[in-house]
Amino acid sequence: MKLQQTPWFDRKDAGSTEWQFTLRLLESALRANHEDELLQNQLPDVASELQAQWVGLVRKTPQWELSAQFGHINLTELPFNDLDNALDGGVALFIAPPDGDEYWPLIGVPFTQPDLAGELLLFSGRDLRPEQVGSALMLGWGLGSAIAAVRRYQTSQRRSERLEAILKIASQLSHERETVPLLELIANEATRLLEADRASIFIWDQDHRQVIACPALGVEGGTLRLSDSAGIVGEVIQTGTSIQVDEAYRDARFDKKVDVESGYKTENLLCVPLLNGDGERIGAFEVINKLAGAFTAEDEESLTQLGIQAATALQSTQDREQLVRTQKQLTEQVTEGVRIVGESPAITALKDTIERLAATELPVLILGESGTGKEVVSQSLHYHGPRRDHPFVAVNCAALAETLLESELFGHEKGAFTDAHEARQGKFELAEGGTLFLDEIGDMTLGGQAKLLRVLEQKVITRVGGSQTIPINVRVVAATNANLSEAVRTKKFREDLYYRLGVVTLDLPPLRDRPEDVILLAEYFLSQFSVQAGRKRLKIAADARRRLQAHSWPGNIRELRNLMERVAFLAPGEKVEVSDLAFILSPDRSSMGQEEDPSDGTLADATKHFQQRFIRGAVKRVQGNMSEAARMLGLHRSNLYRKMRQLEMGEAEDAAD
């Protein structure tokens with residue numbers, strides 16, 4: 001018999017007791033907050049309406065199990081084959097006990113509501129009769145409608161509570177400023193919200209065709225790198241569809257390798273695509289091992305909604321980090337000054353070379369004395385090239401001990417050594433997409449050279465204490481003031497690394513070899529530091545200019561820059577006078593022909609030697625232009641020749657000729 005065949009289904013017979021009781025069941029559903037509460041209150045009355053000693057709800061999942069009851073019955077004694085027939089046929093059945101069996105007659109009623117598919121309402125009693133099947137159907141329809149209403153209310157309530165929880169989580173996410181702590185916070189909130197054991201966010205690195213999992217609990221370093229086409233996560237990322245797996249080890253798509261490495265066993269999982277604000281896939285969001293039962297459609301909806309909030313927060317955090325890095329780089333660019341100043345032939349040629357090299361990815365080796373501007377040249381290569389919007393990271397190899405060099409360059413995992421309290425990225429990772437400047441590369445140890453060569457050849461790094469290889473995309477520019485050719489000859493520098501770094505070599509001339517640039521540089525630095533000092537731009541007096549050009553600048557551009565900084569802050573007048581340059585009033589030996597002071601002799605001899613060196617230094621500074629040398633020394637040209645002859649300087653006769 002079916003429900004539509006019963007007389008009580010006709011609303012004209014509204015006075016029947018079954019119909020009135022059904023209405024009371026529906027009214028009770030409006031008052032109940034939970035299904036358990038509804039059944040606890042109504043099952044006794046349902047049994048009483050049919051004068052049954054026992055009533056219960058059973059479901060097949062796939063074995064028959066009891067979900068609620070009034071009275072008591074031994075479930076193992078139920079006629080399961082008959083229950084299967086009632087469920088499959090969708091009809092109510094009267095099941096009489098076979099002769100000799102002791103159990104009471106049963107009436108099985110399938111629920112007609114879609115929310116209760118796979119469930120039956122059972123009545124058992126010593127006096128049950130086949131004629132009561134119609135009444136049982138009516139009671140089943142009323143109870144099923146009440147249960148379905150309560151379940152829908154509970155689903156709606158849970159959905160509302162989860163959405164409210166997601167909004168609270170979104171508020172928390174907005175306060176996190178760094179990517180890794182943000183990902184950990186998202187994962188923790190996902191496990192709490194969906195009542196799961198673990199969660200991971202997989203970020204899609206499309207350039208390297210990998211996904212990066214963080215946090216990856218139980219995995220060394222807390223992060224995991226996988227192919228973006230492997231396993232369930234790979235399928236979710238590639239297809240953009242969610243995947244729920246109830247028995248992970250029976251699913252061919254599941255990769256057991258991570259479980260084997262971590263010692264963890266995945267029972268079930270739910271994985272959804274992670275989308276940014278533009279609807280583009282940026283990764284996947286996965287929760288593992290539901291604490292009770294299997295993941296549901298509600299869980300999928302909640303994880304997707306949380307993923308939207310997570311992706312938005314992640315994008316904001318990454319954008320902020322990028323802005324911070326860019327702002328820092330621009331600040332360093334302005335502070336340090338990346339403009340190459342000079343009009344000498346050597347500097348003009350250098351500018352042209354840099355302009356051509358900046359657009360390439362070629363490694364560059366910059367050679368030159370200390371203070372000649374090697375880092376400024378490397379910054380020019382970076383900021384005038386396609387990597388300008390990515391980091392420029394400088395490392396002074398001479399300042400790092402061999403024990404710290406590897407950690408500084410390649411990073412380390414937590415616990416890799418005594419003071420490694422947390423994982424840290426190395427300079428190669430920090431410079432991803434940009435330029436890594438290795439200053440004083442000639443001072444790197446042979447062991448460090450071997451590791452650097454391997455990274456340059458393979459373009460991957462491994463953190464200290466780690467085992468995962470991390471691909472890198474970094475342009476390397478190296479510099480040194482050492483004679484690398486000689487170091488290679490004496491086996492102090494690896495020949496293969498020398499040729500790897502020196503695909504293109506730039507030789508920076510010392511400042512003493514380009515005297516025509518001294519005043520240009522001095523005025524450039526003076527202009528910058530005058531602004532910092534909060535004063536009008538200082539001008540350089542004529543005699544101060546001559547004194548600047550007469551100096552040999554053993555410290556090169558750095559020495560000149562430091563001098564102009566002091567002058568900008570300390571000079572009392574509006575012009576830089578000779579008196580303001582007291583730091584360089586005494587010419588050093590390099591400007592006087594590298595002659596040694598006499599160790600003995602009279603004061604007149606010492607004076608004679610000093611004057612000879614002073615004049616020779618001035619002539620050298622102006623490249624043999626005697627008229628200019630005389631002007632710098634405050635003499636007429638004829639007087640300079642006369643003085644040189646008095647000092648028995650053979651150069652006087654040569655110059656006159």
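1. Basis. The model is predicted: local features need pLDDT of at least 70, side-chain atom pairs count only at pLDDT 80 or more, and totals for chains, interfaces and linings use all residues. Residues are numbered from 1 along each chain as its sequence is written, and side-chain values use heavy atoms, with hydrogens and water left out.

2. Salt-bridge count. A salt bridge here is a side-chain nitrogen of Lys or Arg within 4 Å of a carboxyl oxygen of Asp or Glu. The count by this rule is 25 salt bridges. Helices (H or I, at least four residues) and strands (E, at least two) are DSSP runs, numbered from the N terminus.

3. Arg151 and Glu119. These two residues form a salt bridge with the closest N and O atoms 2.9 Å apart. Arg151 belongs to helix 4 (residues 133-173) and Glu119 to strand 5 (residues 119-124), so the pair ties together parts that are 32 residues apart in sequence. Both Arg151 and Glu119 are buried (buried means under 20% relative accessible area, exposed over 50%, partly exposed in between, with a 1.4 Å probe and protein chains only).

4. Arg387 and Glu361. In this salt bridge the closest N and O atoms are 2.6 Å apart. Arg387 sits in the loop between helix 10 (374-383) and strand 13 (392-396), and Glu361 in the loop between helix 9 (345-358) and strand 12 (364-367), so parts that are 26 residues apart in sequence are tied together. Arg387 is buried at a relative accessible area of 11%, whereas Glu361 is partly exposed at 45%.

5. Arg463 and Glu429. Their side chains form a salt bridge of 2.9 Å, N to O. Arg463 is in the loop between strand 15 (460-462) and strand 16 (469-471) and Glu429 is in helix 12 (residues 427-430), so this pair ties together parts that are 34 residues apart in sequence. Arg463 is buried, with 13% relative accessibility, and Glu429 is buried with 11%. On shared partners, salt bridges join Glu35, Arg59, Glu65, Glu119 and Arg151 into one network.

6. Glu516. This residue is in the loop between strand 18 (504-507) and helix 16 (518-533). Its relative accessible area of 39% makes Glu516 partly exposed. Glu516 and Ser344 are 172 residues apart in sequence, yet 6.3 Å apart in space, C-alpha to C-alpha. Neighbours within four places in sequence aside, Glu516 is in contact (heavy atoms within 4.5 Å) with Ser344 and Pro345.

7. Helices 19 and 20. Helix 19 (residues 603-621) packs on helix 20 (residues 626-633) at an angle of about 125°, with the axes 8 Å apart. Helix 19 is thus oblique to helix 20. Axes are lines fitted to C-alpha atoms, for helices over the stretch in contact, and angles run from 0 to 180 degrees between N-to-C directions; under 35 degrees counts as roughly parallel, over 145 as roughly antiparallel, 65 to 115 as roughly perpendicular and the rest as oblique. The contact is made by Phe614, Ile615, Ala618 and Val619 of helix 19 with Met626, Ala629 and Leu633 of helix 20.

8. Helix 11. In helix 11 (residues 402-410), the buried residues are Leu405, Ser407, Glu408, Leu409 and Phe410. Their cover includes strand 13, helix 12, strand 14 (435-439), helix 13 (446-458) and strand 15.
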